[in-house]
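Here is a short report on helix packing, a pocket and a database annotation. Please look over the sequence and the model first.

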Amino acid sequence: MEKTLAELQREVDQYISQFKEGYFSPLAMLARMSEEVGELAREVNHSFGEKPKKKDEADNSIELELGDILFITICFANSLGIDLTDAHNKVMDKFNTRDADRWTRKDTD
């Protein structure tokens, strides 16, 4: 089932809202995000790099690590009152204007 960013933000907010602690502080969330990015880097290195996993290491996945990053990103946005759909639209507008001629398009040879 596909969900919009707004639906994801509401779902995460409903989950977090059931706990007295609520959202972590922005600095704590940034630290958590950094941890998750490190875990993603480790998985990518195991899958595509020169560092295979040890035999006794847990079998995490790039998919799960990306999911963790998405979750903490949504938490971060929610805690600061940021609409991720709006943020995405602004970023895409930036890429489509400022960076419009930066890359070689597939449809031109």
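The axes of helices α1 and α3 come within 10 Å and cross at roughly 80 degrees. Axes here are lines fitted to C-alpha atoms, for helices over the stretch in contact, and angles run from 0 to 180 degrees between N-to-C directions. α1 and α3 are therefore roughly perpendicular to each other; that term covers 65 to 115 degrees, with under 35 called roughly parallel, over 145 roughly antiparallel and the rest oblique. On the α1 side, the contact is made by Leu-8, Gln-9, Val-12, Asp-13, Tyr-15 and Ile-16. α3 answers with Leu-70, Phe-71, Ile-74, Cys-75, Ala-77 and Asn-78. Contact means heavy atoms within 4.5 Å.

This is a predicted model, where local features need pLDDT of at least 70, side-chain atom pairs count only at pLDDT 80 or more, and totals for chains, interfaces and linings use all residues. Residues are numbered from 1 along each chain as its sequence is written, and side-chain values use heavy atoms, with hydrogens and water left out.

Helix α1 (residues 5-17) also packs on helix α4 (residues 84-97), at an angle of about 140 degrees and with the axes 8 Å apart. That makes α1 oblique to α4. Leu-5, Ala-6 and Gln-9 of α1 meet Leu-84, Thr-85 and His-88 of α4. Helices are DSSP runs (H or I, at least four residues), and strands are E runs of at least two, numbered from the N terminus.

The largest pocket holds about 170 Å³ of space. Its lining includes Tyr-15, Ile-16, Phe-71 and Cys-75, as well as Glu-21 and Arg-32. α1, α2 (26-48) and α3 (62-80) each give two or more residues to this lining. α3 gives the most, with three residues. A pocket is an open set of points on a 1 Å grid over the protein atoms alone, where a 1.4 Å probe fits, with protein on both sides within 12 Å along at least five of seven lines; lining residues have an atom within 4 Å of a point.

The table sorts residues by class.

| α1 with α4 contact | three residues | three residues | no residues |

An unreviewed UniProt entry annotates residues 24-103 as "domain: NTP pyrophosphohydrolase MazG-like". That span is 70% helix and 0% strand, and its end C-alpha atoms lie 39 Å apart.

Conventions: Nonpolar A, V, L, I, M, F, W, Y, C, P; charged D, E, K, R; others polar. Points joined across faces, edges and corners; volume = space filled by probe spheres on them. UniProt positions renumbered as here; feature names shortened; annotations may be inferred.
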